[in-house]
Amino acid sequence: MAGTGKERARHWQYAELPGVDLLRARYVRKTFVRHTHENFVIAAIADGVEVFHHGGADQYAGAGALALVNPDTPHTGRAGVPEGWRYGAVYPSPELVAEIAAETTVLRGAPGFVSPVVDDPYAVTLVHQVLRAADEGNALAADTLLRVAVTRLLRTNGGTLPQRVPRTAGAQMAARARAVLEERIVRPPTLERLAGDLGTSPFALLRAFRDAYGMPPHAWLTDIRVRRARRLLDAGVLPAEAALTVGFTDQPHLNRHFSRIVGVPPGAYQRERKNVQDPRETSRLRSEAWQKKQLSRTYEVKTAENPTPPSYGTPSASGWPSDSPASPSG
């Protein structure tokens with residue numbers, strides 16, 4: 001787990017959960033700049049409080065609550081108390097969430113979460129159990145519990161995401177500016193040059209871009225550079241080469257922005273990607289000693305009702321919470 005002092009984080013993938021990123025972290029002084037994710041964020045708070053700016057206001061998520069962010073939604077992150085916050089998170093892809101919604105809910109279109117903070121200790125426990133199962137190489141449990149958690153949250157806090165269609169002149173101008181920046185990610189124009197090429201003023205473009213994408217052009221460009229750097233690191237490209245390819249001046253420049261958006265340095269991020277468990281190996285039964293070692297590293301979810309999470313194999317007698325919306329018959 002990467003980190004120094006009291007802060008530590010592990011950002012990884014499990015081969016048997018394609019399209020899903022996983023995270024365990026404890027942060028005290030960490031501050032996440034405004035950024036977005038391609039995937040959903042389902043963050044289960046174990047201790048402390050996380051504050052994140054979302055939808056024009058600060059949102060507070062404490063122990064027993066989940067912080068939920070839809071794809072491409074700008075947000076920040078920081079500690080809400082001096083001791084920081086400790087949490088586990090899963091990042092399922094939009095395709096996976098849409099598949100689950102179509103099978104288990106009445107939601108149609110692009111499904112998403114309505115409220116960014118939900119107090120649900122049971123769902124918090126499910127998220128931590130997904131991480132535990134992934135650690136132990138239990139593909140069946142990890143996949144099952146992830147689907148139970150997503151279904152529960154969609155049924156209790158789900159809705160259809162609005163389609164972002166540029167209708168106004170300002171939105172259309174912002175979309176054109178975004179296309180230029182995507183094409184010229186390594187050598188972007190100045191705001192004045194970009195506005196001039198689009199036939200508008202710098203401040204008019206700045207306002208239109210912020211209205212459309214929730215952040216100014218330079219912050220959006222950093223965000224997309226980090227996204228592309230992640231893809232390169234996933235493909236095995238060295239961090240120094242990835243930095244130059246996406247337009248950062250050098251690896252320290254990438255390190256600084258990558259850590260403030262992803263939560264871990266690019267080197268630690270890539271090492272975890274190289275260590276993704278082979279599905280052929282993870283399908284084998286783990287030894288009891290190995291499992292105990294992994295369990296000792298797993299965060300405990302502390303809530304008044306449930307001081308320690310139960311075995312991930314038995315969320316209820318049937319495998320589904322019979323009194324919750326996640327029940328397949330509900």
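On a 1 Å grid over the protein atoms alone, a pocket is an open set of points with protein on both sides within 12 Å along at least five of seven lines, and a cavity is a set where a 1.4 Å probe fits but cannot get out. Here's a look at both, in a predicted model where local features need pLDDT of at least 70, side-chain atom pairs count only at pLDDT 80 or more, and totals for chains, interfaces and linings use all residues. Residues are numbered from 1 along each chain as its sequence is written, and side-chain values use heavy atoms, leaving out hydrogens and water.

**The largest pocket**
- Its volume (the space filled by probe spheres set on the grid points, which are joined across faces, edges and corners) is about 470 Å³.
- Lining residues have an atom within 4 Å of a point; there are 16 here, and Pro71, Asp72, Thr73, Leu161 and Pro162 sit closest to the centre.

**The cavity**
- You'll find 1 cavity of 30 Å³ or more in the structure.
- The largest cavity has a volume of about 180 Å³.
- Of its 19 lining residues, Val41, Glu50, His75, Tyr87 and Tyr91 are the closest to the centre.

- Helices are DSSP runs of H or I, at least four residues; α7 spans residues 217-234 and α8 spans residues 239-246.
- Arg225, Arg228, Ala229, Leu232 and Leu233 in α7 are in contact (heavy atoms within 4.5 Å) with Pro239, Ala242, Thr245 and Val246 in α8.

Conventions:
Axes fitted to C-alpha atoms, helices over the stretch in contact; angles between N-to-C directions. Helix = DSSP H or I, 4+ residues; strand = E, 2+ residues; numbered from the N terminus.
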